[in-house]
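Please read it alongside the sequence and the coordinates.

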Amino acid sequence: RGTPLLVAFVTPGCGDCDALLRRVGALHGGARVVALSEGGDVAGAEPDAADAQGRGGGAVQRALGVTGFPSLLAIDGRGRLVAAFDGLPSAAAVQGAVRRAVAA
């Protein structure tokens with residue numbers, strides 16, 4: 001059994017992306033947080049390497065079907081997607097996603 005995971009997809013110059021990073025950074029719910037930035041540097045995020053097939057976007061973003069920013073995926077310890085958000089989710093929604101990921 002692995003560690004529950006939150007994957008945040010962000011992009012530079014996106015106010016909602018910055019808010020999402022602050023929101024997930026404040027969590028203490030037992031899930032690991034990984035933030036990936038497409039298209040440039042964002043404080044607190046790792047770069048999502050360019051898509052190798054030249055289709056635009058980041059490789060992880062494309063592989064997981066993320067089409068907008070910010071986006072957040074919650075994955076349980078077995079690797080199952082338990083929640084997905086397009087846009088900025090409320091703090092309560094993020095906490096709920098963490099609870100589902102940890103409980104599974």
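1. The structure holds one disulfide, the term denoting a pair of cysteine sulfur atoms within 2.5 Å. The two cysteines are C14 and C17, with an S to S distance of 2.4 Å. The link of C14 and C17 is right-handed, with 75° about the S-S bond. C14 is buried at a relative accessible area of 13%, and C17 is buried at 0%. Here buried means under 20% relative accessible area, exposed over 50%, and partly exposed in between (1.4 Å probe, protein chains only).

2. On the basis of these values: this is a predicted model, in which local features need pLDDT of at least 70 and side-chain atom pairs count only at pLDDT 80 or more, while totals for chains, interfaces and linings use all residues. Residues are numbered from 1 along each chain as its sequence is written, and side-chain values use heavy atoms, with hydrogens and water left out.

3. The sheet is open and mixed, with five strands in the order 3-2-1-4-5. Its edge strands are strand 3 (46-47) and strand 5 (81-86), each of which pairs on one side only. Strands (E, at least two residues) and helices (H or I, at least four) are DSSP runs, numbered from the N terminus; two strands pair if DSSP finds at least two bridges between them.

4. Strand 1 pairs with strand 2 in the parallel sense over six bridges, and V10 has S37 of strand 2 as its bridge partner.

5. Axes are lines fitted to C-alpha atoms, for helices over the stretch in contact, and angles run from 0 to 180 degrees between N-to-C directions.

6. Helix 3 has 13 residues and spans 18 Å from its first C-alpha to its last, close to the expected 18 Å (1.5 Å times one less than the number of residues). Its buried residues are V94, G96, A97, V98 and A101. The cover over these buried residues includes strand 1, helix 1, strand 4 and strand 5.

7. Helix 1 (residues 15-25) lies across strand 1 (5-10), strand 2 (32-37) and strand 4, and runs at about 160° to strand 1.

8. Which residues form the salt bridge? The side chains of R80 and D76 meet at 2.8 Å, N to O, and the structure holds one such bridge (a side-chain nitrogen of Lys or Arg within 4 Å of a carboxyl oxygen of Asp or Glu).

9. V60 belongs to helix 2 (residues 59-64) and is partly exposed, at 33% relative accessibility. Leaving aside neighbours within four places in sequence, V60 is in contact (heavy atoms within 4.5 Å) with F9, L36 and D48. The C-alpha atoms of V60 and G29 are separated by 24 Å, the two residues being 31 apart along the chain.
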